[in-house]
Each structure stands twice: as C-alpha cells, then as structure tokens.
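The sequence and the model are shown first, and the description follows.

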Amino acid sequence: MINYEGRRFSPVAVDGTDDGSEDRVAVYRQNGDLIWGEFSGGKARHGSLTGTCGPDGKLDFAYCMVLESGEVISGHCTSIPRILDDGRIQLDEVWQRYGPHQSVGVSRLQEIR
C-alpha cells in the first residue's frame, strides 16, 4: 500500500471545470486504509476529502469545498496512483460533482516536494 501521510499534491491537468485549480495544493493524511486531507488555492477557499485507500494505492473519497464566491460544492472522486521516475506519486482522477454544480471530469495531480 502507498503511504500518503503528509504528501502534498497539486493539479497539473484538469478537464471539465474552470475553477482555478491550477494553484491548488492538497495535503493528504492517512491511518491504515483511512485517507483524509485538506486543500485550498485557486478559487477554493477551503476543501476537505475523506475516503479509503486500497491495497494498490487506489483512492476512493468524497470531497466538499467552499469557493471564493461562497458556493459550496460536493462530489466523489476515484484516484489511480502512478509512481513517476523520480519517485513522486501522480494521481489520475475521475471525479463527479453533485447538486446545482453537477459536473464530471478528469484531473491529474502530482506530488510536490
């Protein structure tokens, strides 16, 4: 299992939304298969995620964020990890937003060192 504890990630590619996520930074925490984290940046004032990590490092989580506009957005995401040549983790994500901000898309995040 990949240990995500304390790792920081930032988007390098996003499809399906224009939410200024290119400046976003997320910090992940982990205890066993439980994963959680916080993020901010871009148009997100604050966001959080909670979910699970599979034995293969695959993440399955729900997220919620508050945008600069005050809008609250929630959704679900599945992230598939890939170890880069330099040892950092890349996450290929498929996400879905719910409610009035309904949307689907794919993102790619890379670990920041």
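## Burial and overall form

Of the 113 residues of the protein chain, 41% count as buried, where buried means under 20% relative accessible area, exposed means over 50% and partly exposed lies in between (1.4 Å probe, protein chains only). The model is predicted, so local features need pLDDT of at least 70 and side-chain atom pairs count only at pLDDT 80 or more, while totals for chains, interfaces and linings use all residues. Residues are numbered from 1 along each chain as its sequence is written, and side-chain values use heavy atoms, with hydrogens and water left out.

A compact globule with 113 residues would have a radius of gyration near 13 Å, and the protein chain agrees with its 13 Å. This radius is taken over C-alpha atoms, and the globule rule is 2.2 Å times the number of residues to the power 0.38. Along the principal axes, the C-alpha atoms fill a box of roughly 35 × 25 × 20 Å.

## Strands and their order

The protein chain holds eight strands and zero helices; both are DSSP runs numbered from the N terminus, with helices (H or I) of at least four residues and strands (E) of at least two. Along the sequence the pattern reads β-β-β-β-β-β-β-β. Among contacts (heavy atoms within 4.5 Å) between residues at least 6 apart in sequence, 34% join residues at least 24 apart.

Gly42 sits in the loop between strand S3 (34-41) and strand S4 (44-53). At 26% relative accessibility, Gly42 is partly exposed. Its C-alpha atom is separated by 30 Å from that of Met1, 41 residues apart along the chain.

## Two hairpins

Strand S6 (residues 72-83) and strand S7 (residues 89-97) run antiparallel and are joined by nine bridges; two strands pair if DSSP finds at least two bridges between them. The two strands form a hairpin with five residues between them, and Gly87 in the turn has a positive phi of about 90°.

S7 also pairs with strand S8 (residues 103-112), in the antiparallel sense and over eight bridges. Val94 has Val106 in S8 as its bridge partner. Five residues separate the strands in the hairpin of S7 and S8, where Gly99 takes a positive phi near 70°.

## Around Ser79

Ser79 belongs to strand S6 and stands opposite Glu93 in S7. The side chains of Ser79 and Glu93 are joined by a polar contact of 2.8 Å. Such a contact is a pair of N or O atoms within 3.5 Å; within protein, one must be able to donate a hydrogen and the other to accept it, and residues adjacent in sequence count only if both atoms are side-chain atoms.

With 0% relative accessibility, Ser79 is buried. Not counting residues up to four places away in sequence, Ser79 touches Gly57, Lys58, Leu59, Phe61, Leu91, Asp92 and Glu93.

## Aromatic rings

There are three aromatic pairs in the structure. The rings of Tyr4 and Phe9 are tilted, because their centres are 6.3 Å apart and their planes stand at 45°. Rings of Phe, Tyr and Trp (its six-membered ring) pair if their centres lie within 6.5 Å; planes under 30 degrees apart count as stacked, over 60 as edge-to-face and the rest as tilted.

Phe9 also forms a tilted pair with Tyr28, at 4.8 Å centre to centre and 50° between the planes. Phe9 lies in strand S1 (residues 8-15) and Tyr28 in strand S2 (residues 25-31), so this pair ties together parts that are 19 residues apart in sequence. Tyr4, Phe9 and Tyr28 form one aromatic cluster.
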